[in-house]
Amino acid sequence: MYFILRITIIIVLALILFLVLFKKQIYKKRAVSLLIIIAFLSLGGLLCTFPFENLFIDFSSPEDVVKYNSEFPVKDYIYNDSSCLAIGGNDGYESFEIIPKKGEKYKLPFFLEKEKIADCLFEYGLLEIYKLKNTNDYYLCGGLAFVEEDVNIEVCDGSNLTVRSSEKNDLGYKTVWIYGAVNYSNDFFVIVNGEKVSLDSSQS
């Protein structure tokens, strides 16, 4: 519904623009026509990125947000105080989205509200910390590759993690994705198979 609405609006605006340009013969004035086309493209880009529905629509659950906003299959939800992390993907591709919460209702996500505050690339892969701006909601997200059968991952604050793994590939590696709502501070760290991985925002 999210993209269908935007495509419909853009098509209608394009038709209106076409009629105005030719009915008023504005197309003969190249500079004016160019400015109008640039303004139209800018508006189209804004419509595709800004969730204007948040001005007048509330959603009762993260599931309703995903149903309206995206087609990707969500496998799990991690709830936090002011948001929810929706985890999904298929065919070996992982995706996640932070869904903001206002009161008891949920809103459509906006990419400028999500902030990566720390990351670490190490032997096994990449770990990242994301924050929903203007809240204290932090999420640990990571994609790691292992040849070992046994994998042990712990976070320093004892938070529960959602762990998803794939079958081993032809090279003998299996991919493990980890997600969790965490209590973040600059001395935050994760222990991966005995190796301490620091995620300090001041060093990112």
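The legends below describe close-up views of one predicted model.

Residues are numbered from 1 along each chain as its sequence is written, and side-chain values use heavy atoms, with hydrogens and water left out. In this predicted model, local features need pLDDT of at least 70 and side-chain atom pairs count only at pLDDT 80 or more, while totals for chains, interfaces and linings use all residues.

**View 1. An open sheet of 5 strands has antiparallel pairing.** The strand order is β5-β6-β7-β10-β9. Strands β5 (114–122) and β9 (162–165) are the edge strands, each pairing on one side only. From one strand to the next the twist averages 15°. Strands are DSSP runs (E, at least two residues), as are helices (H or I, at least four residues), and both are numbered from the N terminus. Two strands pair if DSSP finds at least two bridges between them. Axes for angles are lines fitted to C-alpha atoms, for helices over the stretch in contact, and angles run from 0 to 180 degrees between N-to-C directions. Strands of a sheet pair through backbone hydrogen bonds, either parallel or antiparallel.

**View 2. Strands β7 and β10 run antiparallel.** Tyrosine 138 stands opposite valine 182 in β10.

**View 3. Threonine 162 lies in strand β9.** Its relative accessibility is 18%, so threonine 162 counts as buried. Buried means under 20% relative accessible area, exposed over 50%, and partly exposed in between (1.4 Å probe, protein chains only). Leaving aside neighbours within four places in sequence, threonine 162 is in contact with Asp76, Ile78, Ile87, Trp177, Ile178 and Tyr179. Contact means heavy atoms within 4.5 Å.

**View 4. Valine 197 is in strand β12 (residues 195–198).** This valine 197 has 2% relative accessibility and therefore counts as buried. Apart from neighbours within four places in sequence, the contacts of valine 197 include Cys120, Phe122, Leu127 and Phe188. Valine 197 and leucine 127 are 70 residues apart in sequence, and their C-alpha atoms are 8.6 Å apart in space.

**View 5. Strands β3 and β4 form a hairpin.** Strand β3 (residues 93–102) and strand β4 (residues 105–106) pair in the antiparallel sense over 2 bridges. Lysine 102 has lysine 105 in β4 as its bridge partner. There are 2 residues between the strands, and glycine 103 in the turn has a positive phi of about 65°.

**View 6. Aspartate 58 and lysine 107 meet in a salt bridge.** The N to O distance is 2.5 Å. Aspartate 58 lies in the loop between α2 and α3 and lysine 107 in the loop between β4 and β5, so the pair ties together parts that are 49 residues apart in sequence. Aspartate 58 counts as partly exposed at 47% relative accessibility, whereas lysine 107 counts as buried at 11%. A salt bridge is a side-chain nitrogen of Lys or Arg within 4 Å of a carboxyl oxygen of Asp or Glu. By this rule the count comes to 5 salt bridges.

**View 7. Glutamate 149 and lysine 168 meet in a salt bridge.** Their N to O distance is 3.1 Å. Glutamate 149 lies in the loop between β7 and β8 (153–155) and lysine 168 in the loop between β9 and β10, so the pair ties together parts that are 19 residues apart in sequence. Glutamate 149 counts as exposed at 57% relative accessibility, and lysine 168 as partly exposed at 35%.
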